[in-house]
Amino acid sequence: MLRRVAGVAGRVRKAPRATLKVASVRANTTMQKRNMSAFDPTVGLAEEQKEIYNTALAFAKDKMLPFAPEWDQKEIFPADTLREAASLGFGGVYVGTDVGGTGLGRLEAAVIFEALATACVSTTAYISIHNMVAGMIDKFGTPEQRQKFLPQLCTMEKFASYCLTEPNAGSDAASLRTKAVRQGDYYILNGEKAFISGGGDSDVYVVMARTGGEGPKGVSAIIVEGGSPGIKFGKKEHKMGWNSQPTRAVIFDNCKVPVSNLLAKEGDGFKLAMMGLDGGRINIAASSVGGAQACLKSAVDHSKVRKQFGAPIGDLQSVQFKFADMATRLYTSRLLVRDAARKLDAADPAATAVAAMAKRFATDECFNVCNEALQIFGGYGYLKEYPIERYVRDLRVHQILEGTNEIMRVIVSRSVMKDM
């Protein structure tokens, strides 16, 4: 049965908020009655935020976890499951309510993505990218653009992708070469984007293209629809992880797009891209936290039943010390991610640097948690019959995308040199 939960993030922003359309999970007494501890993922959250987490967690356990291995092995893009998630409000978490969004904040979004990622990191990561694009259109789009694109993005009737990276413009994103030349009421796009999540399956692409001179000020953001004349897609990439979402090159060959699809103004694109990535980095870090939570729990459970030398391996001090370090990494990652989300909600000037810290720290440390969990499982952890190896493969790419962790260090160090 669906019910409404008051949008707690309304205390963060003055704009009116919708209530989150979530299924009641109060019947799950085990979840509700557990003792609060440092290891409870809802520690420090308001009651409504806890309910949001528990709702997302229940959806993850029921609708994602049983199918995640098959999605991974067969490279299935679970469109129907994504639309079920959208029916709970997860398709436009921080999109305005007037166009069908849920109207929550970045903290609530981080909580949702963390919970969903306990079941399937890959699928959750795509949901987070879709939300990033929808959020950019909501924040920077004209009233006409918001009404045209966002209602169907919020229901995930249509899917969205973010197009910044190019074959020769990765970390140096400002050197991108895709061009958009204005001809009357249209832009003509030529160029190629690489490693696009959802490429070929998405319906809406926010594309960073050069409308002016060299450097960041010559970049604009343009909404390109999947059926536009001149848009093409490369082969589906076969990846180490993230197999439940397709990845392809997006190719523009005299692609014709209305000038009315320009986001904000010409020359604003790089600034919009970086602002979008502040939230995207928090989202992907939260997904890492969720994956690490699942792996730590699985490793602890395994250590209680796996016996060697006549006793459970959890009785070994070496294993207990691993758990102490894993729990510390997980706990500090969660705190840093949620602090970054709060700062972004509050438009804190430190938000960009803290988001970079959170992305760097959480994606590194949570990958280490998953890797240690695999070690505790031993040879079993290396088998696809067990879930640990899937989490390890899915989390590894988080240290690369949304800005490599080396670039995160550049962002943080610049802030340190400037502000200390």
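Trainee: Which residue takes a positive phi of about 65° just after helix 10?

Mentor: Keep in mind that this is a predicted model, with local features needing pLDDT of at least 70, side-chain atom pairs pLDDT 80 or more, and totals for chains, interfaces and linings using all residues. Residues are numbered from 1 along each chain as its sequence is written, and side-chain values use heavy atoms, without hydrogens and water. Helix 10 covers residues 351-377 (helices are DSSP runs of H or I, at least four residues, numbered from the N terminus). Just after helix 10, the positive phi of about 65° belongs to Gly378.

Trainee: How far does helix 10 reach from its first C-alpha to its last?

Mentor: With 27 residues, helix 10 has an expected span of 39 Å at 1.5 Å a residue (1.5 Å times one less than the number of residues). The span in the model is close to that value, at 38 Å.

Trainee: How many residues of helix 10 are buried?

Mentor: Buried means under 20% relative accessible area, exposed over 50% and partly exposed in between (1.4 Å probe, protein chains only). Helix 10 is mostly covered, and of its 27 residues the buried ones number 19.

Trainee: Is Gln375 buried or exposed?

Mentor: Gln375 lies in helix 10. From Gln375 to Lys322, 53 residues away in sequence, the C-alpha distance is 9.9 Å. Because its relative accessibility is 54%, Gln375 counts as exposed.

Trainee: What is the C-alpha separation between Thr332 and Ser37?

Mentor: Thr332 belongs to helix 9, residues 317-345, and counts as partly exposed because its relative accessibility is 30%. Along the chain, Thr332 and Ser37 are 295 residues apart, while their C-alpha atoms are separated by 14 Å.

Trainee: Are helix 6 and helix 8 roughly parallel or antiparallel?

Mentor: The axes of helix 6 (residues 121-140) and helix 8 (residues 269-305) come within 9 Å and cross at roughly 155°. Such axes are lines fitted to C-alpha atoms over the stretch in contact, with angles from 0 to 180 degrees between N-to-C directions. Angles under 35 degrees count as roughly parallel, over 145 as roughly antiparallel, 65 to 115 as roughly perpendicular and the rest as oblique. Therefore helix 6 is, relative to helix 8, roughly antiparallel.

Trainee: Which residues of helix 8 does helix 6 meet?

Mentor: Contact means heavy atoms within 4.5 Å. From helix 6 come Val121, Thr124, Ala125, Ser128, Met132, Met136, Lys139 and Phe140. Their partners in helix 8 are Leu272, Ala273, Met275, Gly276, Leu277, Gly280, Asn283, Ile284, Ser287 and Gly291.

Trainee: At roughly what angle do the axes of helix 5 and helix 8 cross?

Mentor: Helix 5, residues 106-117, brings its axis within 7 Å of that of helix 8. Residues of helix 5 including Phe113 and Glu114 meet residues of helix 8 including Ile282 and Val289. The crossing angle is roughly 35°.

Trainee: Which residues does Asp72 touch, beyond those up to four places away in sequence?

Mentor: Asp72 sits in helix 3, residues 68-74. Because its relative accessibility is 7%, Asp72 counts as buried. Its contacts are Asn243, Lys384, Arg390 and Arg393.

Trainee: What is the relative accessible area of Ser122?

Mentor: Ser122 is part of helix 6. Apart from neighbours within four places in sequence, Ser122 is in contact with Trp242, Asn243, Ser244, Gln245 and Asp394. Ser122 is buried, and its relative accessible area is 2%.

Notes:
Helices (H or I, at least four residues) and strands (E, at least two) are DSSP runs, numbered from the N terminus.
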